[in-house]
Amino acid sequence: MHFTPQSKQQRECLPRHTAIIMDGNGRWAAERGWPRIAGHHAGSEAVRRTVEAAPDCGIDVLTLYAFSSDNWKRPREETDALMVLLTEHLQSETERCVRQGVRMSLIGRRDRLPDHVLDAAEVAERATSSGERLRLRLAVDYSARDAIVSAAKAMNGGGRECFARMIGEDVDLLIRTGGERRLSDFLLWECAYAELVFTTRMWPEFEASDLAAAVEEFQSRQRRFGDVEPAVGQSLIRHIDQNGAGTFSDVRGDRWLR
Ligand code: FPP
């Protein structure tokens with residue numbers, strides 16, 4: 001299913017940077033009496049479907065939480081299997097990404113990743129570097145707190161703009177599957193004004209239609225970024241009387257506020 005924004009307003013209000021916490025693989029597998037890794041395998045299919053659907057939803061940058069720095073606490077068997085799955089995914093998807101104009105990159109720490117992941121990531125990043133349709137960022141061994149500390153150390157006296165540039169682009173829409181409602185150390189700075197959409201859908205079952213539904217939910221939200229509603233707020237006129245007392249009117253002149 002492809003999502004086509006209908007109105008001009010819908011097109012202008014697209015979640016250019018969308019990030020997803022792909023949760024629920026383990027529970028989805030357990031419900032079927034399967035090992036957790038079977039859930040991760042099904043999850044990698046959902047990654048492929050989502051990447052394919054993202055550009056039609058007006059998404060330019062898609063950041064997927066594939067492995068958090070805290071995921072190293074999981075049993076070795078599971079972390080090893082996830083690393084192998086990641087390598088297989090990078091290898092098998094590179095050609096498709098080239099064809100679809102998807103530029104792939106890894107974010108997160110690289111110094112603790114096995115060589116096979118590093119090699120596959122370098123090949124995929126190089127092969128897809130000219131992709132312009134979608135920027136796909138896979139967060140692997142990623143911790144937002146660590147990223148913030150690293151940027152703070154590296155900013156060398158620079159200000160907030162410099163820090164924000166080092167950290168990365170603001171997220172417009174954050175989706176978390178699997179029914180939990182938390183950020184789990186993912187893109188904490190970038191999500192300052194993100195719209196959050198939580199769904200009970202388990203990640204392996206996530207379809208293009210779920211992505212389109214999340215985008216529609218995003219478009220129904222009013223984003224004010226700390227400001228007031230433009231239709232009223234931008235037209236407020238402040239009147240100060242000779243005693244210094246303020247009153248406000250809106251441009252329609254029919255409503256006075258104190
Ligand atoms: C969270 O579900 C998911 C992960 C820790 C791994 C996500 C990995 C994939 C989606 C597949 C591999 C990734 C790529 C990019 C090919 P969970 O295991 O915590 O699920 P649970 O909450 O049901 O236990």
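**Note on the predicted model: sheet, helix packing and ligand shell**

1. Residues are numbered from 1 along each chain as its sequence is written. Strands (E, at least two residues) and helices (H or I, at least four) are DSSP runs, numbered from the N terminus.

2. Now the strands around that pair. β2 and strand β4 (residues 134–142) run parallel, joined by seven bridges. They belong to an open sheet of six strands, with parallel pairing. The order is β3-β4-β2-β1-β5-β6. Strands pair if DSSP finds at least two bridges between them. At the edges sit β3 (102–107) and β6 (195–198), each pairing on one side only. From one strand to the next, the twist averages 20 degrees.

3. α4 lies across β2, β3 and β4, and runs at about 155 degrees to β3. Helix α8 (residues 208–220) lies across β5 (173–176) and β6, at about 140 degrees to β6. Axes are lines fitted to C-alpha atoms, for helices over the stretch in contact; angles run from 0 to 180 degrees between N-to-C directions.

4. Next, α4 and α5. The axes of helix α4 (residues 76–100) and helix α5 (residues 115–127) come within 9 Å and cross at roughly 15 degrees. The two helices are therefore roughly parallel (under 35 degrees; over 145 is roughly antiparallel, 65 to 115 roughly perpendicular, and the rest oblique). The crossing is left-handed (the near helix is turned anticlockwise from the far one by less than a right angle; clockwise is right-handed). On the α4 side, the contact uses M83, L86, T87, L90, Q91, T94 and V98. α5 supplies H116, V117, A120, A121, V123, A124 and A127. Contact means C-beta atoms, placed from the backbone, within 7 Å. This contact has ten nonpolar, four polar and no charged residues. Nonpolar covers Ala, Val, Leu, Ile, Met, Phe, Trp, Tyr, Cys and Pro; charged covers Asp, Glu, Lys and Arg; the others, Gly among them, are polar.

5. α4 also packs with α3. Their axes are 11 Å apart, at an angle of about 20 degrees. That makes α3 roughly parallel to α4. Here the crossing is right-handed. Residues in the contact include R36, R48 and E52 of α3, and E78 and E93 of α4. By class, the α3–α4 contact divides into five nonpolar, five polar and five charged residues.

6. What is the angle between α6 and α7? Helix α6 (residues 144–154) and helix α7 (residues 160–167) pack at about 130 degrees, with axes 9 Å apart. They are therefore oblique to each other. The crossing of α6 and α7 is right-handed. A147, I148, A151, A152 and A154 of α6 meet F163, M166 and I167 of α7. By class, the α6–α7 contact has eight nonpolar, no polar and no charged residues.

7. Finally, the ligand. It is surrounded by 20 residues, and the closest are G26, R27, G43, S44 and H89. For this shell, a residue counts as near if its C-beta atom, placed from the backbone, lies within 6 Å. α2 (25–31), α3 (36–53), β2 (61–68) and α4 each give two or more residues. Which element gives the most? α3 does, with four residues. The shell has nine nonpolar, nine polar and two charged residues. S44 of α3 and H89 of α4 also take part in the contact between those two helices.

Definitions and conventions. Predicted model: local features only at pLDDT ≥ 70, side-chain atom pairs only at ≥ 80, totals over all residues.
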